[in-house]
Structures are given as structure tokens and as C-alpha cells.
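Welcome, and please open the structure in your viewer. We will take a short walk through it, one selection at a time.

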Amino acid sequence: MPSVRTPGALLIALIAGLSTAAPPELRIKTAGEPLSDGPVGQVERRLDATRQYRIVRFKRPPDPSRLRQLERRGVRLLTRVPDDGWVARLPTDPQDPLVEDLLELIPFGAEQKISPVLKRMVSQRRTAQFIVEFQPDLLPGEMRWVLSLEGAQWREASWLAPHHLLVQGDWSLVERLARWQEVAYVFPAPSSEETADLVPCGAILDRSGPLPQYVASYGPGWDGPGLGSASLTYSFQKLPASLPPDIAREQFLRAMAVWQRYVLVSFTPSWNTLASRNLNIWFTTGAHGDSYPFDGSGGMLAHTFYPSPPNPEPIAGDMHFDDAETWRVGAFPDLFSVALHEIGHALGLGHSDDPSSVMYPYYRRYEDLAPVDIAMIRTLYAPRPNEVPPEPPFPAAPQLSISFPPPGQPYVTTANQVTVTGTATHPQGIRSVRWITSAGGSGMATGQEQWLAGPISLNEGTNRITIIAESTVGTAASEVVEVIRLSNSTSSSAINPTTPQSPGPGTPWTPEANEPRTYQPPRTVTPNAPAQPGKETPTAPQPPPDDTTPPVLDVTWPASPLASWSSPTIDIRGTARDDVGVVGVRWSTSAGAAGVAAGTTVWEAHAVPLIVGINTVTIQACDAAGNCSQRSVTIRRW
Ligand SMILES: [Zn+2]
Ligand SMILES: [Zn+2]
């Protein structure tokens, strides 16, 4: 996160923080621990004599000019500490009258930087693996320097979050590290056998950025102070590209049902993505308008905005997921597990220090809440009365495996199609096996326990094919196979690099897509097109060198370029003509959704998602020489 903030943004965040009517409280896990280091930690050690880190409160709302003065004195507000505190980096002179006039320094000593869970663990085992969380603006070299000065052994691990390091040691080392003002918190590491699939929760957010690990919860929950009940809605702005919509939706419904089983919260569906008290679920990529851009495949998976109050609406409770990930069911990254964790944040929980918790800051695969999660959520909401019988455990997921291509590594081929085979079993039987590709193709496999998917068209380069098996009781499992299609070297020099790749032959998903799909060959014949599918021949069409005429593109539905619509999705249809041949029609929306239309000369963009309000959908048709035409339709969804 940036260490310098503009005074304007700061003021908005401050007003949001100060406008809450509830009595302010610092929701720190170790607030009850004794302050052995004195009021502001006199025995602290520090790496840099010119700066100190403090938890501060504003004595009264400052005006923008006072905030600019503070910034000029070198004061930086780094992270919120709910409800009304901040982690601040201050110059070392604490006698500055402006700082004294505006800021109250909150005592936060070394004792309060040690997780109570770690304390129990070390007293039982003498040594433990633990994670040291550093202050958010520290450089990687400074973090390691602190550890070397204490003689600590640390492990570099690729799964660690940017300001975490993994250390093994005894109680004395924990105490010595906690005395460093550059250290924010020390808490237990995940047990070592779990580290294969660990990914940190990307960020837990309010408008001012991620929260420190020592924060227990954000605000009093949607029900306000005390233990009450909350009625919330949820909406799907866009579902993941890598799973069929009905399977993805089911993972969220399962995850909401888990939280609902233990406390008095309820979730009802809504189409209004901008409503208050609504958890809007959005799969998106890269920068998406909230200053926390996603980072492509791997790394950050998701982030969630805390409830209102104190977070502002309509963003409060919203959950964003990185759509560059290949989301899966029953395997990592398991959508149900990540959704279960993020809904915990949307209900107001911070991160737990207990590695068995669903709310531990590194995701694992979960089936249910741990006892510590149930206890934590019951500090925010009233427990569901005992007379309600607990739900039966979820039925098992199918066992799905891929036989061909052989699993474990990408399969390399020069063919333009592949047929994937495998098995799927479930005690109650398999209802369907389907496939979906990273290029937007999809279809039904033939067979169930022994299934065959394809032939599936391949684009040049890497193709991710997701196979989804669904049982007759509605549970699902997915597996992914990567197929790399190499270009034929004799023809690759003739391929125009701007030639769009044609979409796969499959048809888009619809939620009721339980009927077998038939293979539809591409409608357009282009010069030098592949002779027959299945043959290992170069397939990229070779354009005539002088084709500079773009296709003629028409939208036939909606009939007007300014349309009004009530459903969350719309089918857009049209035609495209070209003297050489149209090779692909793509669509994208102003809300960030995009896809490939089925067909070319006659095309249909199926189930284009619409947000409530104004949507601009852009259709682009390209020919083999890379000449493209665009048309836009503006659709107001009400
Ligand atoms: Zn989290
Ligand atoms: Zn976001």
C-alpha cells in the first residue's frame, strides 16, 4: 500500500471513521494484556532512529490544512485500527506541539504484539514456528535485518504475504522480536504439512487498506452493537469464467449456509448490485476501480470490504475475486473454501491467529467452521437457537480423474483439437460431466462414470480445459488439464501476429445446460483454412497481403442502440460480413465482463451480464488479416 496519502482521501476516511455513533473501541486481540513496557514502550528497540510506529487516535476531526501540516512534519497514516485508530509513522520528536495537539498516542507495548494463541503453543512445546508481521511500509531488507540482529533463523517461503516472515524459535526470541517497533505482531505459523497449497488472503479491506493481524474484528457487525440478527442480500455482478455459473453459485450458497447455521444472519438473493446491506460478488481481473488491483493468475485470490458501519455503502460487504485464477471445486483454489473465508470478513471478522480457523490469514480447504470461528462470530451476532436442528453434513463430492491427457504436466501437441477422457464416480451416481475452456468454449462430455469430452478445439499456446462432474445430489468436483498447442514452424512465419484466434466450437453455458450439446462446425470458410479437424496441419488462415477492408458488422438485437432491459443478462445477436472471412466476434462490457460470441457471419453473444444502471456493450468482429470493426449498444438495466 502507498505510504503517502492525499489529504483529501485521508479526510474522507477519517470522517467515515468518526461518524459512527457507537462508542469508539480499539478491537485489538491483546487489548487485555498487561503493559510491561510502560505507556509507550520505553524499552523498545528500533532500526531507524528517525521514525517511530504508533497506534494513534485523532483527538478531534482535523481539517485538510492541519492534515497537510501533519504530512509535512513527516506523519504518515499507514493502516486503520478499528474503530477509530490508525497505525501511524511519526518522526521521533514526540514533543512536536502540532502532533500533541491533534493525536492521542495509544499505549501498545511488546506484550500486546504477541498472539495469545502463540503464547499457549510455546508454553506447551518450548519452541514453535511463528510468523512475524512487520509494519506495512517496511522494505524487505529491513525486515530481514531486524531478524538477523536478533540472531533469528527464518525461512524464505513463496507463499508468505509481503510483510510476513516465517521464523522458528523459543519464547525468548518471540519476546525479543516483539520489542522491535518495526515488528507489528507475532502469531503461529500454519502446521508444516499444510504449506504445499497455502495462499495468503489478499487483503482485508476498508477504504484505507489492509488491517493488521492484531485486529480481531471490524466494527460491531451488521446488527450494530450487542448480539442481534442481520438480514442481508447478495448479488452476483459476474461469476467466474472457469466454472459453470450454476456450480459457482452453489459454492457461495453452501458457504453462506455454513455461517447461517451458527448465528442469526440471513442471506436472500438480489439483482441490485449497488444496494445497501448487500454482499455483491464480483469476479474481475486487474485494476477494477477500487485501488486494489488483482495480480493475474496466482498470488492474490480475493478481497472483501468490511460491513457498514463503519465502512461506507454501497461497497461495504462486497467481495471481489480474481477471475484470472482457474477456480476449482474440491481442489485448490477451491471456490467454496475461499468464499467461506471471505464471507467471514463480509460479516465483520478479522483474521484469526489459530491455524485451525477458517479465518486464519492463509487459506486452506475447509468443509465447516472450526470451534474458534463459531466462538468469534458469536461475539458479533446472536447464536442461532439450539432448537433448530443442525444441518446434516454436506453430501460428498464426486471422485473425478482425468486419464488422458496424462495429468501432472501440460500436454503438448501440434493438433488443433484434443479429446479428454477420464472417470467420475459418486455413491448416488453422476448426473453430468461437462467441459469449459479458457478460450470460452464449453460442452457436455459423453458418458458419466467413463466419460469422453471433445473433440475440443485448441488455440495456439496454452489452453486450460476444466472438467466438471456433478453428482445426482448436486455436489460437484472439477479438474483442470493444460494443453499447449504448438504452431507448425513452417507456417508460423506466414501468420499475421494480429490474427485473432477463432473461438472453440462449443456453445456458452446456460444454467440449464444439462442436455448434451452437439458439435457445430465454424460457419465461415476462410482461404487456406484447415482441411479437416483432427489432422495435424497448420490451422491459422493466411491472409492475402493487401486485405485492408474491415468486416461489415451489424447488431440485429437489441433492435435499438439504446435499449432498456430488466434481466441480469442479455443475448446480443447480429451479423458480420467480410470479403475474406470473419474469424471471430468478441464482446466486452463497461463493467469489465468479456467473452467470445458463438458463430461469425451470424453471431450471438449469449448471456452478457448487465449491472443495474447503464451498460455499454462493445462488439468487435475481425477478419483473417486483423482488420476489425466495432459496434456499441447502450443498455440500461432497471
Ligand atoms: Zn482474509
Ligand atoms: Zn476489488
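This is a predicted model: local features need pLDDT of at least 70, side-chain atom pairs count only at pLDDT 80 or more; totals for chains, interfaces and linings use all residues.

**Stop one: the zinc ion**

Residues are numbered from 1 along each chain as its sequence is written, chains are lettered from A and ligands numbered from 1 in the order in which they are written, and side-chain values use heavy atoms, with hydrogens and water left out.

Now show H288 (NE2), D290 (OD), H303 (NE2) and H320 (ND1): these protein donors lie 1.8 to 2.0 Å from the zinc ion (ligand 2). Donors here are N, O and S atoms within 2.8 Å of the metal (3.2 Å for Na, K and Ca); water is not among the atoms, so sites may look incomplete. The 4 donor atoms subtend angles of 96 to 117°, which makes the arrangement tetrahedral (all angles between 85 and 135 degrees for four donors). H288 and D290 are both buried, meaning under 20% relative accessible area with a 1.4 Å probe, protein chains only.

**Stop two: helix α4**

Next, select residues 116-125, helix α4, where V117, L118, M121 and V122 are buried. They cover an arc of only 125° around the axis, which puts them on the same side of α4; the arc is that of the directions from the helix axis to the C-beta atoms. On the face turned away from that side, find S123 and Q124, which are exposed (over 50% relative accessible area). Helices are DSSP runs (H or I) of at least four residues, numbered from the N terminus.

Finish at the helix ends. S115 caps the N-terminal end, with a side-chain oxygen 3.1 Å from the backbone nitrogen of V117, while R126, which follows α4, has a positive phi near 70°.

Key
Four donors count as tetrahedral if all angles lie between 85 and 135 degrees; four count as square planar and six as octahedral if opposite donors are over 155 degrees apart and all others between 65 and 115; anything else is irregular. Helices (H or I, at least four residues) and strands (E, at least two) are DSSP runs, numbered from the N terminus. A polar contact is a pair of N or O atoms within 3.5 Å; within protein, one must be able to donate a hydrogen and the other to accept it, and residues adjacent in sequence count only if both atoms are side-chain atoms.
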